[in-house]
Amino acid sequence: MIASDRLSFQRQIYDFLRTVTIKYAPIAEYSNSDLLERGYFVNDQDPTSWKYYKNMMGEYHMADTLMYVNSVDTQEQILFSKENLTLHPRTRSLYVPGGQYHERLCDLYPNQVDLIKSILFPVDDLTKAITSPDLTILSYGSGYLESYEENPLVEGLRAFLEVIKERWYFEFLDDEPYFHITFFGGLWTKMAAFLLTEREYFIHTPYVHSWHIWNQLRDAGLDDYSDILNREKSMMLYQNIGYFKGNAGKMSNLIILVNRLLDDFGVSIYARRVVQESETGAENYQLTPQLQAIRIPTNNQSSVTEIGDETVETIQSRAFAKGFVVDNSSEAAAAKERRLSDTTLNNFMTKFLEIRPIARNKVYSDILNVFLLETLSTSILRDYYKDPVLVEDTSTNTVLYLYPRELLALYHYASIKALGKTPEMIPNGFFFNKSFNTEIGTPTKTITIADEKIYLSMYVNAQGFLSDLNYDTAIEDPNAFSQMVSRLWLRYMEHLLEDTSSSVDTKRHVLSYMSSLCHTRRIEEHVLIEGHDSYERWLGPEGIDIQSSILAQYDIQADPALAWGNLSDTIISALIPMTDVLTSFGNYTLTDFGYERLRQLFIQMCSYKVVFLESTRDTPNFITGAKWSHRYGPDEFASSSDYTIVQKMNTLDHSVLSQDIPLYPGYIERTKDTSSIIGSLEGHLESAVVNNQIDSAGDNVLPSVKYNATQSNLATLNLFCTGMDIVGIETDSSESGLIDIDNTRLIDDDGSYLVDPNT
């Protein structure tokens with residue numbers, strides 16, 4: 001029996017061949033003869049009218065049976081044609097080779113299998129089809145083969161067909177009545193065998209298939225980490241696994257792995273070393289061991305660490321939680337602490353390692369989080385961004401192909417589910433503050449400041465300030481949206497920097513006026529899902545019907561909150577693929593699931609003597625930020641405490657040791673330094689040590705951000721973001737109406753606006 005992964009590996013080839021159209025003129029002659037026998041007229045002098053070529057172009061011939069299918073886009077019956085499938089993209093995606101819908105349609109119309117294929121993947125040049133020599137590939141479906149192997153395999157297939165034509169096409173058998181049918185039918189099995197064999201030849205080349213990559217890595221003792229490692233990282237392991245295994249346990253090995261696998265994730269590996277502290281036990285002349293965190297030296301030393309000292313008891317508890325020690329009692333921790341303190345060494349390394357996020361500068365990431373989702377919502381709600389998007393959640397093997405409007409609603413649903421609540425109503429109100437307006441205002445020649453008229457041209461280039469702020473109104477795919485939002489973000493940054501860098505009050509007023517022409521704080525009401533206002537109806541049989549078949553599995557996962565959080569991350573990542581611009585300004589990290597997978601990878605890649613502690617990230621499961629207004633019923637939530645979540649947010653202020661190694665066990669002088677992040681690491685781990693600064697209350701936190709709304713007529717603003725480490729939805733019965741972040745009331749008890757939503 002063929003293993004399931006091997007079967008999937010082979011089916012990619014078979015499904016690809018079901019999309020390939022190859023010119024073979026004798027089949028056209030057979031088709032014409034059949035039409036004549038059935039009483040149809042055939043013009044021998046006009047090949048453009050022949051059934052063979054019309055079908056090749058994805059068009060019906062008068063002898064064909066019209067095929068009708070039910071559209072999942074409009075819930076109506078439509079003709080199965082290339083024109084209609086262009087207007088019904090979700091329906092087209094269901095009928096591509098490899099799915100049950102395609103098989104059923106082919107079973108229903110067995111004599112029109114080639115027509116079905118050509119409707120989905122038509123030949124675009126009729127003249128080329130007629131004039132091309134036999135055994136020429138005229139069209140094929142892209143995406144069935146992996147991107148790195150597709151072009152080499154297709155070019156190899158073209159060369160293979162040339163060999164077949166020159167070596168194995170026997171013209172002297174033309175008179176045999178069934179030669180052409182037999183030859184052409186057998187050709188497809190030969191092409192499948194060739195492509196499978198060619199994949200074997202690609203092993204240890206840049207075109208190797210991922211199935212071969214991870215089979216070799218599994219043979220070397222690794223699990224399949226294709227869900228968290230991209231092609232480049234997988235190839236790095238694939239090409240160097242022998243070296244890594246042969247040098248397991250070396251610091252140089254670990255540094256290479258961190259540089260190549262972790263840096264762009266925004267995470268790094270930290271070691272722990274024991275440093276003796278003499279202040280706590282000074283009265284008893286007893287040293288107190290503390291375990292300090294030291295970042296493994298890598299190419300990227302531009303970021304700070306947020307990991308501070310930990311006590312022996314804390315580390316003992318963490319090791320116990322992972323099953324590395326069997327006794328977690330206070331007596332065992334005290335005994336361990338005594339053993340570590342009874343030494344003449346002031347500091348020495350342990351074998352504890354942990355994967356942790358690298359803290360990045362959050363000056364712009366918080367604004368970017370809001371800007372991204374507001375721009376996304378604007379583009380979707382105005383139907384600029386409307387073509388279906390594929391979402392694949394590898395943690396649950398969930399595949400969704402939905403319109404952006406549907407994904408935006410599902411993103412909100414998954415985000416609230418990750419907080420432990422089940423939203424009832426689909427959002428119908430949206431709050432915008434950071435994104436650009438779709439219509440940019442026209443500046444006046446003069447403005448009045450402090451009863452004095454001034455000319456704008458004296459202080460700002462109005463045309464330049466307002467240029468290139470337009471939205472793309474026909475966004476073809478997620479990458480096109482990411483390019484647009486990156487362009488708009490750079491223009492936003494120019495405005496932000498120009499405004500805040502000015503020291504002239506008049507210019508500040510001028511720039512604020514200019515910004516008001518392209519940014520408007522407003523609340524907009526939109527119907528997100530046409531015909532549905534509740535999630536129960538929309539997700540059920542009356543809507544897209546994915547509640548029982550797909551979404552129900554998230555509630556039965558071992559950690560439902562984590563599963564829903566992964567889904568929300570996956571949706572927003574599919575809608576907004578990362579660009580260099582977004583990555584450089586953002587603060588995006590992995591999910592908890594991703595951290596655990598990376599931890600397992602490094603456990604397998606490193607020496608068995610090294611202990612990896614837990615690797616849970618410090619941020620929630622949401623990848624970007626948004627402020628949405630929703631209308632719920634009065635009894636949906638019980639109390640304000642039920643839906644207020646404020647998580648720890650570390651500051652960027654740290655203390656750096658003024659000397660690498662103290663001369664004696666005693667007081668260690670610390671100096672404040674917020675500009676220097678971490679000193680250069682000499683040797684392997686002889687380093688400057690970075691610790692957290694804790695405020696007087698003992699909490700290393702920034703003020704929380706909370707939005708308030710009435711409990712009787714709840715209209716909430718949800719803030720979902722990784723950068724701010726905060727998810728806040730709070731009600732306060734002492735206030736009335738919807739409260740904005742600057743304490744301006746927006747909506748009264750009766751639901752009416754207290755301020756003009758357009759101002």
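**Loops and a helix pair**

Visitor: Between which two elements does the loop with Asp383 lie?
Guide: This is a predicted model, in which local features need pLDDT of at least 70, side-chain atom pairs count only at pLDDT 80 or more, and totals for chains, interfaces and linings use all residues. Residues are numbered from 1 along each chain as its sequence is written, and side-chain values use heavy atoms, without hydrogens and water. Asp383 sits in the loop between α16 (365-381) and β9 (389-393), helices being DSSP runs of H or I with at least four residues and strands runs of E with at least two, numbered from the N terminus. The two elements are α16 and β9.

Visitor: Is Asp383 buried, partly exposed or exposed?
Guide: Buried means under 20% relative accessible area, exposed over 50%, and partly exposed in between (1.4 Å probe, protein chains only). Asp383 has 36% relative accessibility, so its class is partly exposed.

Visitor: What is the phi of His204?
Guide: His204 lies in the loop between α10 and α11 (210-219) and, at 59% relative accessibility, counts as exposed. The residue is not a glycine, yet its phi is positive, at about 65°.

Visitor: Which residues does His532 touch, beyond those up to four places away in sequence?
Guide: His532 is in the loop between β14 (522-525) and α21 (535-539), and its 16% relative accessibility makes it buried. With contact meaning heavy atoms within 4.5 Å, its partners are Ile426, Arg537, Trp538, Glu542 and Gly543.
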